Amino acid sequence: VAQAFQVIRGKAYKGEEGQYFTPQSVVRVATAAVNPQPQDRVIDPACGSGSFLATTMGNVVEELRILYKGNEDKVHAAKRDWCTKQLFAIDKDAVSVRLSKAYLSMLGDGSTHVFKADSIRPKKFQAYEGWGAALAASIQDGTFDVVVTNPPFGTKLKVPPEVGRHEGYELSQEWKKKDGKWIATGDYAERDLGLIFLERSIRLLRKGGRMAIVLPDTYLFSDSYGWLVQWLSQFTITHSINVPIEAFEPHCRAKTSVLVLKKEKPKADHRIIGSYCETFGEDKHGRARFKFEDSGQQTNLRDDEMEEAAILLKAGGGKTDSKLFFRFSQAEAIKRKVLVASYWWRKPYEDALKKFATINNCELVAIGNLIESG
């Protein structure tokens with residue numbers, strides 16, 4: 001069904017509005033990381049054609065089957081009740097809203113609370129003729145357990161300073177460094193739309209709520225966004241998942257990650273789960289990608305490390321660390337201003353260094369120790 005809707009939407013998603021179809025593997029791993037439950041109230045504030053909503057529904061149905069021990073009548077009734085009361089979505093594009101409604105209806109409803117509106121302008125919700133009151137009543141800050149989304153992003157998509165000021169977005173402000181820390185100045189500037197969606201999504205969460213969001217990597221490691229990494233440090237970042245650069249081709253060459261967080265203060269020793277996924281089951285042209293044997297013979301197994309990572313995330317990891325499930329310190333990541341998983345997966349380099357040391361009968365010494373010893 002997801003593939004069918006990708007075809008239906010087709011070339012209408014040209015990217016001018018940052019509306020890129022999210023590959024199913026990316027949707028699955030993001031959903032697995034937040035693991036929506038039957039008691040959760042869920043929203044996608046930039047729903048597109050509804051893939052995050054549909055996958056979330058599927059995750060909840062899996063949990064309902066466990067809860068009701070496979071009694072499909074009870075599962076079906078509970079699913080319908082959850083979709084009607086707990087699942088919400090917004091998009092400013094009328095075609096996307098209609099597609100999301102149709103998609104969810106095909107899967108067993110959930111179309112009740114799919115609204116056409118501008119997510120980042122909640123102060124204007126009440127003004128929408130017809131559904132404004134219902135929208136304003138349903139979509140309020142601090143009322144959602146889970147946010148899953150791939151917001152629009154692109155160099156041409158900006159939020160004017162007057163909008164940021166009117167809605168009170170912290171990330172719309174200019175930030176300056178003072179005594180080693182970034183401080184919001186109170187002056188407003190033009191900002192990337194993706195940044196404002198990040199703050200908007202976090203606002204929607206209740207305390208302790210969970211969010212999975214697709215973001216450009218530059219937000220998560222570039223010196224010019226050091227202030228943003230500091231701002232994110234107030235939350236518990238639970239996962240950083242690498243998205244292969246081919247995932248959004250041919251629309252753009254944006255390098256992205258799925259960032260997952262809880263809206264609560266991190267513990268001092270908190271460690272982020274990293275997943276360094278290099279494949280997602282397709283090549284850059286959307287054709288199926290398969291694994292190869294050591295001999296070079298192609299197998300019939302899909303080469304989809306994002307799907308493998310999703311399975312590991314649901315299972316709570318493997319017996320040993322792997323590039324698809326490892327941990328690194330949030331405090332250290334914030335200190336270095338780097339939240340992308342690829343930076344923190346060091347095992348290949350460490351293994352190569354240890355092998356060199358063994359072959360050459362060397363003792364490994366940290367450069368820091370050499371400096372300290374003079």
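Buried, as used in these legends, means under 20% relative accessible area, exposed means over 50%, and partly exposed lies in between, with a 1.4 Å probe and protein chains only. The model is predicted, so local features need pLDDT of at least 70 and side-chain atom pairs count only at pLDDT 80 or more, whereas totals for chains, interfaces and linings use all residues. Residues are numbered from 1 along each chain as its sequence is written, and side-chain values use heavy atoms, with hydrogens and water left out.

**View A. The salt bridge between Arg-206 and Asp-145.** A salt bridge is a side-chain nitrogen of Lys or Arg within 4 Å of a carboxyl oxygen of Asp or Glu, and by this rule the count comes to 21. In the pair shown here, the closest N and O atoms of Arg-206 and Asp-145 are 2.4 Å apart. Because Arg-206 belongs to strand β9 (residues 205-216) and Asp-145 to strand β4 (residues 144-149), the pair ties together parts that are 61 residues apart in sequence. Asp-145 is buried, at a relative accessible area of 12%, while Arg-206 is partly exposed, at 31%. Helices (H or I, at least four residues) and strands (E, at least two) are DSSP runs, numbered from the N terminus.

**View B. The salt bridge between Lys-158 and Asp-192.** The closest N and O atoms of this pair are 2.5 Å apart. Distant parts of the chain are linked here, with Lys-158 in strand β5 (residues 158-159) and Asp-192 in strand β8 (residues 191-192), 34 residues apart. Lys-158 is partly exposed, with a relative accessible area of 36%, and Asp-192 is buried, with a value of 13%.

**View C. Further salt bridges, including that of Lys-262 with Glu-264.** The side chains of Lys-262 and Glu-264 meet at 3.6 Å, N to O. Lys-262 counts as partly exposed at 28% relative accessibility, and Glu-264 counts as partly exposed at 32%. Elsewhere, a network of salt bridges links Arg-28, Asp-304 and Glu-307.

**View D. Leu-198 in the largest nonpolar core.** A nonpolar core is a set of buried Ala, Val, Leu, Ile, Met, Phe, Trp, Tyr and Cys residues joined through side-chain atoms within 4.5 Å. The largest one has 54 residues, and those with the most contacts inside it are Ile-139, Leu-198, Leu-228, Leu-232 and Leu-339. Helix α8 (residues 193-204) gives the most to this core, with 7 residues. Contact means heavy atoms within 4.5 Å; leaving aside neighbours within four places in sequence, Leu-198 is in contact with Leu-171, Met-211, Ile-213, Leu-215, Leu-228 and Leu-232. Apart from this core lies another, of 45 residues, among them Leu-53, Val-97, Val-148 and Ala-310.

**View E. Strand β12 (residues 271-275) and the strands β10 and β15.** Two strands pair if DSSP finds at least two bridges between them. Strand β10 (residues 236-243) runs parallel to β12 and is joined to β12 by 3 bridges, with Ile-273 as the bridge partner of His-239. Strand β15 (residues 326-329) runs antiparallel to β12, with 4 bridges, and here the bridge partner of Ile-273 is Arg-327. Because 4 of the 5 residues of β12 are buried, this strand is largely enclosed by the rest of the structure.
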